[in-house]
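Subject: Structure handover

Hello,

Here is the structure you asked about. My notes on it follow below.

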Amino acid sequence: MLIKRLKSVFQEISQVYMTLLKVMVPAIIIVKILDLLGGTQWLAEVLAPLMQLVGLPEQLGLVWATAILTNIFTAMVVFVDVTTQLELSVAQVSVIGILILISHSVPIEGAVAKMVGVSWRLTITLKLGGGLFLAALVNWLYTALDYQQQTAVLIWQSERQEQTLMQWGIEQLQMLLSIFFIISALIILLRVLKKIGVENLLKKALSPIFKLIGITKDASNITITGITLGLSYGAGLLISEVKKGNIGKKDILLSISFLSLAHSLIEDTLLVLLLGADVMAILWMRVIFAVIIVALLAKYIAFKESIQLKRLSIDR
């Protein structure tokens, strides 16, 4: 009996991990090729004029471009390098922090979201459009209230270091290997939580929020995983549930949409706080924004479904 359960767990872990690899490995390689061909610099030039719309110097377009194509850590390193000659306020660091937190890793997270049925168009709209909209809103609000206009204090320091392709490859392999152990721990943890009843307690505690944004109890645990650890992990576990037929398309869409705007709330938030950002903007306003946007999306889906039902009844 024990061997059978262990075999079942290992099969589930292997399926989720291999599915993620099929998406993440090509995305990582494509992004690296684009970077080597100057894609990051080109994107930075395209984004530079948009920086003025959110009250930031044009130089920070490179930070946003780096976040979009790579990850938070790399964007932080570029931020430190770019801002050595700039004096940014806490409000400005909070604005670029929002752009980094919402818009990072678009190629990888978009590919993972596509794997569970969420379109690239929606992912890009939420991560880039949503990030820019919230950044502009925070800039306007903090400027109007003259809030957090003092000079930001940078706690974290790092230097940009050139990597050989070999060093980059080893780093990516280490990252992919770590994902296997994280996925393993998550799947085992979710089974244990379900067994001891903690799963139901979490669902009940967060049910008012999930009800507001239209996510049913079937997707609540997976969404909680994504909120705490990240979109890729949440989507990775969604794959397993989708294959079992436990989660509907609407739940998948709403869960991934929410995670596109607010995921890895603990680790990512702490990282950006090290740059001197304001926690009110990068955590609480981000969560509230995500809840409002996904609640509106849920209402829109429900409205479309009601119209379709009316048409069907009329046809009959």
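The structure holds one salt bridge. Please keep in mind that this is a predicted model. The partners are E109 and K127, whose closest N and O atoms are 2.8 Å apart. E109 belongs to helix α6, whereas K127 sits in helix α7 (residues 120–144), so the pair ties together parts that are 18 residues apart in sequence. Are the two partners buried or exposed? Both E109 and K127 are buried. As background, side chains of opposite charge can pair when their charged atoms come close.

Next, the helix that carries E109. Helix α6 spans residues 106–115, and eight of its 10 residues are buried, so the rest of the structure largely encloses this helix. The buried residues in α6 are V106, P107, I108, E109, G110, A111, V112 and A113. After α6 comes G117, which has a positive phi, near 105°.

Helix α3 (residues 61–69) is mostly covered as well, with nine of its nine residues buried. These are G61, L62, V63, W64, A65, T66, A67, I68 and L69.

Regards

Definitions and conventions. Residues are numbered from 1 along each chain as its sequence is written. This is a predicted model: local features need pLDDT of at least 70, side-chain atom pairs count only at pLDDT 80 or more; totals for chains, interfaces and linings use all residues. Side-chain values use heavy atoms; hydrogens and water are left out. Buried means under 20% relative accessible area, exposed over 50%, partly exposed in between (1.4 Å probe, protein chains only). Helices (H or I, at least four residues) and strands (E, at least two) are DSSP runs, numbered from the N terminus. A salt bridge is a side-chain nitrogen of Lys or Arg within 4 Å of a carboxyl oxygen of Asp or Glu.
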